[in-house]
Amino acid sequence: MNQYESDVLIVGSGLAALMVAYECSSDCHVTIITKSSWQDTNSYKAQGGIAVRQGQDDDTFLTDTLSAGHHQNNATNVNILVSESEAAIKTLNDLGVPFDDQPDGTLHCTKEGGHSRRRILHAGGDATGKHIVTAFKKVLDQSKNVDIFEYMTATELMVKNGLCHGLVAKTEQQTLAAFQAKHTILATGGIGGLYHTTSNSQSLIGDGIAIAHQAGARVSGMEFIQFHPTMLAAGGQAKALISEAVRGEGGILVNQKGQKVMAGVHPQRDLAPRDIVARTLYRAIQKGDQIALDISCVKSFHRRFPNIAQICEAKGIDLAQERIPVSPGAHFLMGGIVTDAYGRTDIKGLYAVGETANTGVHGVNRLASNSLLEACVFARRLAHMIIRRPVSTREKINVDDERSINLDSHPLTTAHDIRTLMEGSAGMIRTEQRLVSALRQLERWLGPFHDVKRTRLSLQQLKIANMLYVSRLIVSAALQRKESLGAHYRGDSTHIYDKTSLVGGRR
Ligand SMILES: Cc1cc2nc3c(=O)[nH]c(=O)nc-3n(C[C@H](O)[C@H](O)[C@H](O)COP(=O)(O)OP(=O)(O)OC[C@H]3O[C@@H](n4cnc5c(N)ncnc54)[C@H](O)[C@@H]3O)c2cc1C
């Protein structure tokens, strides 16, 4: 088996991973492993932008974040997010991220749902993520201290006596590789790939959450999944994201009769928090309405949103009609691996950062454009802590080279069936009956994997095992939470949390 050693091992190649690597690379040897190509991340796909405080007197950034999160946020960490936002953006500026500016040379800020003012920076119009991660990659490619392994899937953590020593990964050729490190960081992103209708890369199924939880790390908030209201709905399927920034620039949600769908629903109408907009659309679609985004009021649509225009045209949408058909889809996980404000998990030497971590900043519903910011701010903090507190060499761990196991005699379920189950039972509106039946089904499907060591599974089996494992975490959490709260909506409950009684929040 190939064995590698480094100071810092990072799983994932999205923004959270790249920020940690960049900040650590001057002092430490960093290894990045990623299960696909380095660009196959949600970070690369991010369109709308990244939020940043607009000066010391921008108090509403904090209150907007708390309000979108239904005041269930970890208020200390929200304070950190807001107060360290300018420093995080400075890092991006120093790297040369080409944020879009205005004719007078100042940066252009847009507005999205739940924000009470314009505070969202963007690049390439609607290609913010691509520009940010490309800027990082350029710098990291030149560093002698950073190695990147693509198509390398983290499989199982090496934890001994409560200390994480690295992990075992699997190559595309199904061979095992041992990566030992003083610090192991999971930056494995979200779980959208558990649903058919999602804005996420289909490969994002919560691997990091599965392997951390199996090793004994706490996971929480798994029932809180944000469904984005506006995925492009072409040919009966949701295909890609239509950023909320389109509504920020004047786009309006209408039904087939041209009636404004959000009128009278919420004071912020089309820019109301995402859970409210998404549920309103979901109900309208269930009733048989066809929802579209009316872009007739968006100035210079093609120039402002070149990427979205191209996506629409490629899917056969005639933008001259100024209507983009939309429907909601799974977008972002608010919960995840429980961490403190430095990414530390319950297991010493193991950290989580970015969407896979639950820092509590998003509460039970994320404010738009706060996740790129969370990835930047908390990744910087983690990296700075690692640099400040070097640890001595770790003991060497022996890893057995194991053959893949033959599970052929067991009928395994498919990714398609798991997605159908999750969409039907743990989607936007949940009921006890559907959740109980889903949990039973997941237990049945998990049967063949009981007592099988993860390193002995083929990559395909590992994918199914992780999908089932994380789905079970989501369904169990959704079942336990009987009331509707934020992004978690129980169709069979009349009880809705009184958010004002919960100010101060909890994780
Ligand atoms: C279409 C779209 C648009 C968005 N727009 C915005 C926006 O405008 N503003 C905003 O703030 N947020 C936006 N978001 C959300 C935001 O992009 C993500 O929350 C954020 O980028 C997550 O970053 P990350 O580094 O945590 O994970 P990701 O960027 O998703 O990266 C996860 C990485 O982990 C790797 N990985 C996973 N499992 C394994 C494994 N077992 N082994 C090895 N590697 C593994 C993946 O291959 C990937 O490299 C958007 C999301 C989508 C999908």
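Helix H3 crosses helix H4 with right-handed geometry. The model is predicted.

**Helices H3 and H4**

- The residues that make the contact are Phe61, Leu62, Thr65 and Leu66 on the H3 side, and Val78, Asn79 and Val82 on the H4 side.
- Five of these contact residues are nonpolar and two are polar, and there are no charged residues between H3 and H4.
- H3 spans residues 60-68 and H4 spans residues 75-83; their axes come within 10 Å and cross at roughly 135 degrees.
- The two helices are therefore classed as oblique to each other, because an angle counts as roughly antiparallel over 145 degrees and as roughly perpendicular from 65 to 115 degrees.

**Helices H7 and H15**

- H7, residues 207-214, packs against H15 at an angle of about 80 degrees, and the axes are 9 Å apart.
- This angle makes H7 roughly perpendicular to H15.
- H7 contributes Asp207, Ile209, Ala210, His213 and Gln214 to the contact, while H15 contributes Asn466, Tyr469, Val470 and Leu473.
- By class, the contact between H7 and H15 has five nonpolar residues, three polar residues and one charged residue.

**Helix H12**

- H12 has 18 residues, which should span 26 Å at 1.5 Å a residue, and the C-alpha atoms at its ends are 26 Å apart, in agreement with that expectation.
- Most of H12 is covered, with 15 of its 18 residues buried.

**Loop residues with positive phi**

- Ser369 is not a glycine, yet its phi is positive, near 65 degrees.
- Ser369 sits in the loop that runs from strand S18 (357-358) to helix H12 (371-388).
- Is Ser369 buried or exposed? Ser369 is buried, because its relative accessible area is 6% and the cut-off for buried is under 20%.
- Asp451 also has a positive phi, of about 65 degrees, without being a glycine.
- The loop that holds Asp451 lies between helix H14 (432-446) and helix H15 (459-480).
- Asp451 counts as exposed, because its relative accessibility is 84% and the cut-off for exposed is over 50%.
- In short, Ser369 is buried, whereas Asp451 is exposed.

Technical notes
Residues are numbered from 1 along each chain as its sequence is written. This is a predicted model: local features need pLDDT of at least 70, side-chain atom pairs count only at pLDDT 80 or more; totals for chains, interfaces and linings use all residues. Side-chain values use heavy atoms; hydrogens and water are left out. Helices (H or I, at least four residues) and strands (E, at least two) are DSSP runs, numbered from the N terminus. Buried means under 20% relative accessible area, exposed over 50%, partly exposed in between (1.4 Å probe, protein chains only). The expected span of a helix is 1.5 Å times one less than its number of residues. Axes are lines fitted to C-alpha atoms, for helices over the stretch in contact, and angles run from 0 to 180 degrees between N-to-C directions. Angles under 35 degrees count as roughly parallel, over 145 as roughly antiparallel, 65 to 115 as roughly perpendicular and the rest as oblique. A crossing is left-handed if the near helix is turned anticlockwise from the far one by less than a right angle, and right-handed if clockwise. Contact means heavy atoms within 4.5 Å. Ala, Val, Leu, Ile, Met, Phe, Trp, Tyr, Cys and Pro count as nonpolar, Asp, Glu, Lys and Arg as charged, and the others, Gly among them, as polar.
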